[in-house]
Amino acid sequence: MKHSTHNESETVEVATGLAATLKPGDVVAVSGELGAGKSVFCRAVMRALGVADKALPSPTFSIIQEYDADDCRVAHMDWYRLDEVTEIEMLGVRDFFLPPWICLVEWPERAADLLPEGTIQVRIQCDTDHMAWRLIQVR
Ligand SMILES: Nc1ncnc2c1ncn2[C@@H]1O[C@H](COP(=O)(O)OP(=O)(O)OP(=O)(O)O)[C@@H](O)[C@H]1O
Ligand SMILES: [Mg+2]
């Protein structure tokens, strides 16, 4: 599915729509260049799943953030600063690919081979002419 968004709130709507289809055990890989809107997208998914607003956004960087949501727990990962598949694997990320978790991964390309079969791929592309336009592909 392809969505064109023209501002941040339209991206939030796309993310909210995806969140409604998610169930525990789902893994969502969100890719796109620096500043594309991966965190905007993930935070919107988390809010829609019932993660409390006060838990977001976290001021401190960490590779794995864990949250309680309505009917699941949510793991939000950012693999940007990791460069070895083994380094990522050693963090025990696979534990978060199973219920009760819904797992959201930014910079999944750092260790694409670790992602389970059936991972939902979200690709956010910037527009060369319009600063706030994005093409969001979900498959
Ligand atoms: N259509 C849009 N959708 C999403 N974000 C947008 C849009 N237009 C502008 N923005 C802005 O782009 C920025 C996206 O920042 P965000 O931190 O989500 O990017 P990111 O992909 O997570 O970057 P990083 O690779 O550093 O983690 C925000 O400042 C947001 O307001
Ligand atoms: Mg980010």
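**Notes on the predicted model**

1. Along the sequence, the protein chain follows the pattern β-α-β-α-β-β-α-β-β-β, which comes to three helices and seven strands. Helices (H or I, at least four residues) and strands (E, at least two) are DSSP runs, numbered from the N terminus.

2. This is a predicted model, in which local features need pLDDT of at least 70 and side-chain atom pairs count only at pLDDT 80 or more, while totals for chains, interfaces and linings use all residues. Residues are numbered from 1 along each chain as its sequence is written, and chains are lettered from A and ligands numbered from 1 in the order in which they are written.

3. Of the 139 residues in the protein chain, 32% count as buried, that is, with 20 or more other C-beta atoms within 10 Å of their own, the C-beta atoms being placed from the backbone. The C-alpha atoms fill a box of roughly 40 × 35 × 30 Å along the principal axes.

4. Among contacts with a separation of 6 or more, 68% join residues 24 or more positions apart. A contact here means two C-beta atoms, placed from the backbone, within 7 Å.

5. The shell around ligand 1 has 15 residues, and the closest are Thr11, Gly37, Lys38, Ser39 and Ala132; a residue belongs to the shell if its C-beta atom, placed from the backbone, lies within 6 Å of the ligand. Helix H1 (8-19) and helix H2 (38-49) are the elements that give two or more residues. H2 gives the most, with three.

Note on methods:
Buried ≥ 20, exposed ≤ 12 C-beta atoms within 10 Å, placed from the backbone.
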